[in-house]
6 protein chains.
Amino acid sequence: MENSDIALVRSALAEDLAGYGDVTSEWTVPAGLRGRAVITAREDLVVCGLPLAATVLKAVDSETSFTALVEEGGTAGDRDRLAEIRGSVRSILSAERTMLNFISHLSGVATQSRRFAREVAGTRATVVDTRKTTPGLRVWEKRAVVLGGCGNHRFGLFDLVLIKNNHLAAAGGVRRAVEKAKAARPHYLTIEVEVESEADLREAIACGADVIMLDNQGVDSLRSLVEIARSLEPRVVLEASGGISLETVRAVAETGVDIISSSALTMGAPAVDVGLTLVTED
Amino acid sequence: MENSDIALVRSALAEDLAGYGDVTSEWTVPAGLRGRAVITAREDLVVCGLPLAATVLKAVDSETSFTALVEEGGTAGDRDRLAEIRGSVRSILSAERTMLNFISHLSGVATQSRRFAREVAGTRATVVDTRKTTPGLRVWEKRAVVLGGCGNHRFGLFDLVLIKNNHLAAAGGVRRAVEKAKAARPHYLTIEVEVESEADLREAIACGADVIMLDNQGVDSLRSLVEIARSLEPRVVLEASGGISLETVRAVAETGVDIISSSALTMGAPAVDVGLTLVTED
Amino acid sequence: MENSDIALVRSALAEDLAGYGDVTSEWTVPAGLRGRAVITAREDLVVCGLPLAATVLKAVDSETSFTALVEEGGTAGDRDRLAEIRGSVRSILSAERTMLNFISHLSGVATQSRRFAREVAGTRATVVDTRKTTPGLRVWEKRAVVLGGCGNHRFGLFDLVLIKNNHLAAAGGVRRAVEKAKAARPHYLTIEVEVESEADLREAIACGADVIMLDNQGVDSLRSLVEIARSLEPRVVLEASGGISLETVRAVAETGVDIISSSALTMGAPAVDVGLTLVTED
Amino acid sequence: MENSDIALVRSALAEDLAGYGDVTSEWTVPAGLRGRAVITAREDLVVCGLPLAATVLKAVDSETSFTALVEEGGTAGDRDRLAEIRGSVRSILSAERTMLNFISHLSGVATQSRRFAREVAGTRATVVDTRKTTPGLRVWEKRAVVLGGCGNHRFGLFDLVLIKNNHLAAAGGVRRAVEKAKAARPHYLTIEVEVESEADLREAIACGADVIMLDNQGVDSLRSLVEIARSLEPRVVLEASGGISLETVRAVAETGVDIISSSALTMGAPAVDVGLTLVTED
Amino acid sequence: MENSDIALVRSALAEDLAGYGDVTSEWTVPAGLRGRAVITAREDLVVCGLPLAATVLKAVDSETSFTALVEEGGTAGDRDRLAEIRGSVRSILSAERTMLNFISHLSGVATQSRRFAREVAGTRATVVDTRKTTPGLRVWEKRAVVLGGCGNHRFGLFDLVLIKNNHLAAAGGVRRAVEKAKAARPHYLTIEVEVESEADLREAIACGADVIMLDNQGVDSLRSLVEIARSLEPRVVLEASGGISLETVRAVAETGVDIISSSALTMGAPAVDVGLTLVTED
Amino acid sequence: MENSDIALVRSALAEDLAGYGDVTSEWTVPAGLRGRAVITAREDLVVCGLPLAATVLKAVDSETSFTALVEEGGTAGDRDRLAEIRGSVRSILSAERTMLNFISHLSGVATQSRRFAREVAGTRATVVDTRKTTPGLRVWEKRAVVLGGCGNHRFGLFDLVLIKNNHLAAAGGVRRAVEKAKAARPHYLTIEVEVESEADLREAIACGADVIMLDNQGVDSLRSLVEIARSLEPRVVLEASGGISLETVRAVAETGVDIISSSALTMGAPAVDVGLTLVTED
């Protein structure tokens, strides 16, 4: 739905354009002055967020144009042009910071995801994101993760039954928790359960969990648990999670797990540097 | 206004609680089970965001309680308790991730700001933030900056006339831009102008700019420009900006500038690690 | 999230309380008059919607009280009391119609679902809803379905990959569609595919679809397809759909399918009759 | 105001397009595939809701086109085309269910209203709706009633003074209630009062009520009360209400009342069957 | 509905509390300082808007108290106390201007209405407002009119059929316009028609208009038209409108019309002077 | 940001178009009738609000056109055309009142500001507005003030530190309040302080206040305080405020102050008379 971005863009612009608005542009830039601007990369990056930036520009002034020069998910190097803009110079300057904030943040996530994806290339594992995202930006950050070549874990609390320690404690153990969930879930919702020991792993497989999260295990322990799990039920999906960084992800991938989740894709992603250059026209 | 947080919290919670909501908690945790939880630091940090976390919890379930154990801006070490929560276990688990996302992001900004503030201690300079903030979170990120001991630059485009290169180009140089702004501004709005050369600096001072931004200067150049500026007009406020990091900020501060702006306070701040531990009660 | 009901309730109340508001109550009922009212069933029904009615009453006047006398999902017969209300008589009368509209509509869905659930008792099948719901009321209608004893199909387009005829045509057949979806989906999202022939059924099972929808089949055909499917892959979940009514659902259930989806749970559910009786107090 | 539909459409679409959105279409339908679709009737019906469906489609993707082939209020038979759509196949499939839900629900109300209108043809009576409408859809359901050939009763609590039993009890009888309302109302607001006895009817006419609602009367009683009322004041408008169905409405109409209100127009209207057929294009 | 004020209050407060919020109070008033304040009249006035002011205060800080000391519609003289407030001094000061703006504007309308009401005392006429109200404040301005002793004309375009010149031109004259409206209207909606000549007046009465607006007539003409109208149909309601001021309203009232509408009640009402005095407490 | 007007326009239109909408136009004006209308001045005025009126018209019906014939801030005399409109006659009539309400209110403020600006012509003083604006309309009223030739004071509580009596009392006098503010403020925010005596004036200047508000002083006192202030610090900006009217503003301006703030620009501005004339077309 195109509409969902509009609320996000309005709340972002409202941070810049309260009160008397963009006073500097209004008082120093002639009202009728039109110009052309380019948004450029200032380092190597994977592009994400140009459609949001276009929405920002249109929200400031519907009589501007925004032309993306790179596809979402495409790569760009230092000085490469990402987009070209035309319209009132005042409007371009009023929109500049909000456009760049979206692009540099989201391209940062995509670029970080690219690093992770490359690190595990050739293994069976897919690196996926978590729900540790910036409040309000989850849709876009998760899109950036996929554009960078990684995968998505569940979007929210609603699209997967993911039984974690606190649920296990409240339900009374792996078996009881999984059985309760199986009794209650619709036919199509998958059940994943977090385990911290071999005993729990065996119990989880025995009672038919679809996915098993092996949380905070060392690489040796992971390898051993993966072997046990595969021997019990070849179809079960195995996920490693907990403090996995760009430095450790390869070793984890080589343990044979299917899924590696890491908050470093989103919360740990450095923003990338992008800029806007303006050429005014008569 | 207390109301402004509510929209932010609702949009964050909507990311987790669409569709059938928190299916895991609903199906594995008994409806009547009540519990107590603590939010704890897992590393040294400056606290920011507990009031937002409290708003999150109340939005999920108004019959819960949230007690902050550390003041906003206070410090905490690994394993220190930041807040205590009581209420329905389902509600606590449904709110957990959103609460933690706010706290870890904002405390990350506050903690980063603390690092910068310590770095320039004893100099004349204040390190301040920029408008490179996360869309939707500017109010809170800028609050975090102050809690960490740094200062704020302008909030948006409306509370300072800040004439940058693109405005100078459109207006026809420093003198014309400053004069236009002085003619148009209300009596109380300050005028800051970006300069990139000694000639521009002299012109800016000559035409009465209140604040001068020395952008992308090396330390030697900064020191020399500060000296010139002070000799011409002792009251002028001098700001250094452009690519200043934790590593370089001390040297910049020692050039004698008043203000050092750095996007590293916000966009470059690593999230800190915080967790929630639950104790269920009968 | 408690907040999500508030927007629904406000838009419903806005239909009644535009302009000069409840002019009749304001002009004929003394401002200070307080009273007690009961909401009663006027036919046998399964109760759903009392919490929404309570939210309606509070939105009209926060100084009223609403006490549910039956749990959500409980049953009531003609003249049974569902809830007791106290407060300003004007406020109670202003809220009356909106409260009753929610209760009679949602209890109608729950009561209808009860009929379907009873009809298939003792078979392997669960009757589930569809996405043919009233725009704006999906969360509550789907809750009513469960309260009545049936199950839920997917909530929206986001929590299940459900490949239907139009997707098959666009993708180029069952195999290609399922393979594309398997390549793209996160590890936890289930894939269901609609088939209309035995050949498609075999292909769907061969390429690993998790759930198979047997659409618009007669009972004999269903029984035969179920047998084939079970012999090929005992784990596959089988769903019958298409024009299934209260009259035909038992026969469909006896074919051995796991899931029977029917829009009659929601769109075909007659509203039940409920009323409000007021006792004024001095 | 065109704007009012947009909020309704957005909340309806949000039910389908949360989280990762329409995952099936995104993963099985090529991004650039364009197509043409027709919405067709699958039974005889009176059309209502095509403009809303068009708003749905545009909200999903502004680069689609929607052409209504039947006017609002027109009739269609099984297999008749109601609208033609062009655009991205993904977008059409994402919008399909929400479009059809609006059309089948609203055309159901219009079709039901047509049945009632035909039933009373040739009598003095107009059948009108009530405030027993689906929360959030009142504007459209009441439009559907008129398109089907019936009339509207008041929209909300604000456009008619309608004194019912609870008001009479609170005010102290017909005379006092009507007098209070006459003293307070603006000059243009009509006063209707509900009566349950001949004595109340006489009192209502004596004190100048504009409209009298004869609630829950048998046909013989109605005929007699109508005669009395007409003899006392020929201008008074007489309304019958209470449990009137398609089976009983003709007899009620023949008693000589002017207005017959029935919730069966809206709450009792069966949804009609409509479908979308897609032809993809290269 | 209490909710409707909240949106109004939030948009008003957003004008004052954008960006860094109430910087003066935050930086000069101690955080914990509590105080008591009174809102006082600084001239004779009819009070309106105290509940809105209370909502403003609560929106800024829910832990404050607001006690109205005069009822809505009550009168106050210079230095009379209208309300007492307790709470955080910062919060009181942040809310001050918005509270006072509502009270002084709305009490201005109520006070102006009092003047008009007194002017026509003893005549048959009621002075009523128009739709010339401040966008966003219509509910409250129309409430103020009644509190001041005048009456309300229609709220919006929806609660009266008011046929004015442009409609007459489009419809083809009085008879055709009234007949069209009578054919289309629900049974309870009143029809008023604007006439500018005796011929039109006679036609309007002949075709059964309920209310007749005599627009822009001199006093003599009004008196003559009233006499003609009464002789033709004693029940018809007669309204005078067009440029009627406090100076001319008495003479108009004495012509025998029932209703005199004047935009001077709302658009022409001078704001009254009210102030807030603060006593801080330790 | 163009978006900000849309919420304002929607809330204004919602006052007119609730329930069944513009019933008169719908029932008396043919659906297909198109027309041309002009908005004209009915007295001398400075124009403000035409872009808002255009937004109103488009919100009612996006297939209309609105052409402003006078620039914002331009002048018009009685019978001058301000704008030309084309489109469906029903739509034009539905939008008429809301369009005119905005224009007459805002042009009233601009026209009033013109009077004040002329009054002080040739003096050093600029007349500026206050925060005594109509809730919800501040952006536009302050725009109108500038269009009329006056200036703006601070927009809200966030863009100037303005220390008034209540802050002084809470902080413990001028020196302490100014020092606290200077310690806390960002480098660019100006500090203004209200003084009521010569002693306070001297203290304010001594501790470096940027702007000094001389509140409620007589003309002689003002002249004397201005002289003292200028002798102490030539750069300080001096503002007179408190009960200044069109009659007194010239004398105040001649005392030598820089700024004169008056709520009479906004709250005291009479609405101007504007009308819409329609020519229907076949």
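This is a predicted model: local features need pLDDT of at least 70, side-chain atom pairs count only at pLDDT 80 or more; totals for chains, interfaces and linings use all residues.
## How chains A and B are related

## Size of the interface

The size of an interface is often given as the accessible area lost when the parts come together. For chain B and chain A this buried area is about 4800 Å², and 62% of it is on carbon and sulfur atoms. Chain B gives 57 residues to the contact, and chain A gives 57 residues as well.

## Polar contacts and salt bridges

Between chain B and chain A, 26 residue pairs are in polar contact, counting pairs with both residues at pLDDT 80 or more. Salt bridges across this interface number 4. Asp16(A) forms a salt bridge with Arg131(B), and their closest N and O atoms are 2.6 Å apart.

## What chain B brings to the contact

Several elements of chain B each supply at least two residues of the side that touches chain A. Among them are the helices H1 (3-16), H2 (23-28), H4 (89-119), H6 (165-171) and H7 (174-184). The strands E7 (161-163) and E12 (274-281) of chain B also belong to this group. The largest share, 7 residues, comes from H4(B).

By residue type, the side of chain B that touches chain A divides into 32 nonpolar, 14 polar and 11 charged residues.

## Arg138 in chain C

Another place to look at is Arg138(C), in helix H5 of chain C, which covers residues 138-147. Is Arg138(C) buried or exposed? Its relative accessible area is 2%, so Arg138(C) is buried, the cut-off being under 20%.

Leaving aside neighbours within four places in sequence, Arg138(C) is in contact with residues of chain C and of chain D. In chain C these are Arg131(C), Thr133(C), Phe155(C) and Gly156(C). In chain D they are Glu15(D), Asp16(D), Arg97(D) and Asn101(D).

Technical notes
Residues are numbered from 1 along each chain as its sequence is written. Chains are lettered from A and ligands numbered from 1 in the order in which they are written. Side-chain values use heavy atoms; hydrogens and water are left out. Helices (H or I, at least four residues) and strands (E, at least two) are DSSP runs, numbered from the N terminus. Buried means under 20% relative accessible area, exposed over 50%, partly exposed in between (1.4 Å probe, protein chains only). Contact means heavy atoms within 4.5 Å. Buried area is the accessible area (1.4 Å probe) that two parts lose on being put together, summed over both. A salt bridge is a side-chain nitrogen of Lys or Arg within 4 Å of a carboxyl oxygen of Asp or Glu. A polar contact is a pair of N or O atoms within 3.5 Å; within protein, one must be able to donate a hydrogen and the other to accept it, and residues adjacent in sequence count only if both atoms are side-chain atoms. Ala, Val, Leu, Ile, Met, Phe, Trp, Tyr, Cys and Pro count as nonpolar, Asp, Glu, Lys and Arg as charged, and the others, Gly among them, as polar.
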